[in-house]
Amino acid sequence: MLSVLICDDSMVARKQVAKCLPQDLGASIHFAKHGQEAINAIADGKGELLLLDLNMPIMDGYETLETIGSLSLPTKTIVISGDIQPEAAQRVKNLGALDFIQKPVNAEELRNTLIKQGFIQQEESASPEPEDLPEEIRDCYQEVANVAMGQAGDYLARIMNVFVELPIPNVNLIEISELHMMLSDVDKQESTSGVCQGFLGDGISGEALCILSDSSFEDIATIMGVESKVDDQLQLELLMDCASLLVGTCLSGIANQLDMHFRQGHPVVLGQHQNIRELIKANERTWKKTLAIELSYGLEDFNVKCDLLLLFTEESMDMMTSKLSHLLED
Amino acid sequence: MTSSTVEKDALSELLEFHWMMDMIQTVDVGIVVLNRDMKIKVWNGFMEAHSGLLPSQVRDLPISEHFPDIKESWLKQKLKPVFELKTRAFITWEQRPYLFKFRNYRPITSSAPYMYQNVVFSPLVSATGAVDNVCMMIYDMTDAASAKKMLLAFQVKESEARERPY
């Protein structure tokens with residue numbers, strides 16, 4: 001019997017891939033949460049076929065492929081990722097992957113790929129693992145953010161001609177006091193500039209915060225092809241352009257998956273050259289709890305650090321959860 | 001359906017179209033539609049009144065023709081994601097006080113030298129799903145900008161006064 005190993009940090013994604021495996025593949029299915037687990041499982045003979053995600057904590061997909069290559073482990077890999085930049089597909093193939101499938105994966109595409117690569121036999125399917133609801137919903141949001149970000153990254157890569165290092169989205173229900181802590185990843189020493197922008201639609205409302213570290217501006221100016229001197233005025237313009245791009249593409253990625261449309265308000269400058277604490281002090285009073293999706297973008301070979309925070313109001317969550325319920329169905 | 005009801009429907013549609021156009025003309029927001037060649041397709045009443053240029057004077061001309069301050073290369077770069085990715089693009093008055101140099105709406109009671117503007121570029125998706133035109137909306141932000149500038153000036157004065165108590 002063929003052993004299939006599904007490696008993804010998101011439980012929703014693992015289940016979705018397992019669900020999409022053809023019935024007649026006749027495989028025993030194993031799961032891994034990150035690359036290191038996958039390497040161990042393959043060494044135990046649990047992964048003749050590896051279905052691998054790219055963005056994962058501990059050991060990501062690229063490192064996993066490198067390790068498989070250097071240890072000559074007995075496995076064939078198909079990458080399934082939300083990172084749909086053309087260069088990502090090329091990179092994983094250079095690292096020895098057989099094929100590349102875009103997230104969200106569907107049964108037909110997976111089947112065709114498996115046929116093309118000469119797998120497929122018969123019977124037996126995945127047994128979904130039991131799980132508790134809050135974790136499931138959190139995971140669901142995480143996966144939605146992941147797919148949206150992959151699309152956003154692809155757009156950015158095409159517009160700016162750079163390779164975008166996609167982050168792992170961080171999804172949490174947080175209190176205002178925790179927001180500061182959550183942003184502690186952003187260097188404390190460094191001053192930042194930020195804009196915020198409200199969005200709403202179909203009973204879902206929230207605000208997007210885009211925070212750029214001040215040391216990023218020189219490189220962003222280079223990427224955007226700006227030749228004049230980077231003064232405050234120009235920095236603001238670059239910040240605004242970055243924010244429009246990131247917020248716009250990310251929101252439309254999320255809206256597509258929810259089958260809806262967001263209206264965006266006009267962005268407001270939170271401040272320039274301040275620390276994070278000062279930046280978000282202004283809207284401290286207006287809310288208590290929020291669903292926060294945190295994305296930290298980086299650009300390869302450039303010193304650019306940009307944090308995008310999507311904050312949804314508490315009232316929005318029921319509507320979002322119901323719109324996402326199709327992802328939770330078995 | 002008789003031919004007279006068809007005519008009636010067509011007439012009411014035409015009337016509806018007419019008042020909708022009137023709404024675009026009279027709304028107190030500047031509306032300009034640009035095509036992929038950066039040429040002006042729509043120039044509403046707000047733009048007409050503030051610029052003193054008739055729609056017939058600007059239609060099918062590049063925006064830089066009458067407004068040389070607006071560099072075409074800059075505008076093209078700004079509109080690239082709007083055309084290609086269907087996302088909105090924004091300019092705030094903090095970043096660029098105005099895109100079109102218009103006079104302040106209240107010449108007597110307001111001290112601002114010109115109209116501060118927020119600008120939104122929004123994609124107009126055609127029936128085929130492609131974006132052939134972009135709608136530019138110009139908002140008058142003069143009151144908000146003056147208030148914020150006054151507040152900032154006050155804060156600076158206040159902190160200077162604290163440093164020098166005599």
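The legends below describe close-up views of a predicted model.

**View 1. A five-stranded parallel sheet in chain A.** The sheet is open, and its strands follow the order β2-β1-β3-β4-β5. Two strands sit at the edges: β2 (27-32) and β5 (99-102) of chain A, each pairing on one side only. Direction ignored, neighbouring strands are turned by 20° against each other on average.

**View 2. The pairing of β1 and β3 in chain A.** Strand β1 (residues 2-7) runs parallel to strand β3 (residues 49-52). Four bridges join the two. Within this pair, A:Ile6 stands opposite A:Leu51 of β3(A).

View 3. Helix α2 (residues 35-43) lies across β1, β2 and β3 of chain A. The angle between α2 and β1(A) is about 170°.

**View 4. Strand β12 of chain A and its partners.** Strand β12 (residues 289-299) has eight of its eleven residues buried, so the rest of the structure largely encloses it. β12(A) pairs in the antiparallel sense with strand β7 (residues 170-175) over six bridges. Strand β13 (residues 305-313) is also antiparallel to β12(A), over nine bridges. Two bridges join β12(A) to strand β6 (residues 164-165), again antiparallel. In that pairing, A:Val164 has A:Leu299 as its bridge partner.

**View 5. A:Thr290 and the β12-β13 hairpin of chain A.** Which residues flank A:Thr290 in the pairing? A:Ile174 stands opposite A:Thr290, and in β13(A) the bridge partner of A:Thr290 is A:Thr313. The hairpin of β12(A) and β13(A) has five residues between the strands. There, A:Asp301 takes a positive phi near 70°.

**View 6. The contact between chains A and B.** Here 15 residues of chain A are in contact with 14 residues of chain B. On the chain A side, the elements giving two or more residues are α6 (133-160) and α9 (232-258). The most comes from α9(A), with nine residues. By type, the chain A side divides into seven nonpolar, seven polar and one charged.

**View 7. Chain B.** Five helices and five strands make up the secondary structure of chain B. From the N terminus on, the elements run α-β-β-α-α-α-β-β-β-α. Chain B has 166 residues, of which 25% count as buried. Among its contacts between residues at least 6 apart in sequence, 44% join residues at least 24 apart.

Technical notes: Residues are numbered from 1 along each chain as its sequence is written. Chains are lettered from A and ligands numbered from 1 in the order in which they are written. This is a predicted model: local features need pLDDT of at least 70, side-chain atom pairs count only at pLDDT 80 or more; totals for chains, interfaces and linings use all residues. Two strands pair if DSSP finds at least two bridges between them. Axes are lines fitted to C-alpha atoms, for helices over the stretch in contact, and angles run from 0 to 180 degrees between N-to-C directions. Two residues are in contact if their C-beta atoms, placed from the backbone, lie within 7 Å. Ala, Val, Leu, Ile, Met, Phe, Trp, Tyr, Cys and Pro count as nonpolar, Asp, Glu, Lys and Arg as charged, and the others, Gly among them, as polar. A residue is buried if 20 or more other C-beta atoms lie within 10 Å of its own, exposed if 12 or fewer, and partly exposed in between; C-beta atoms are placed from the backbone.
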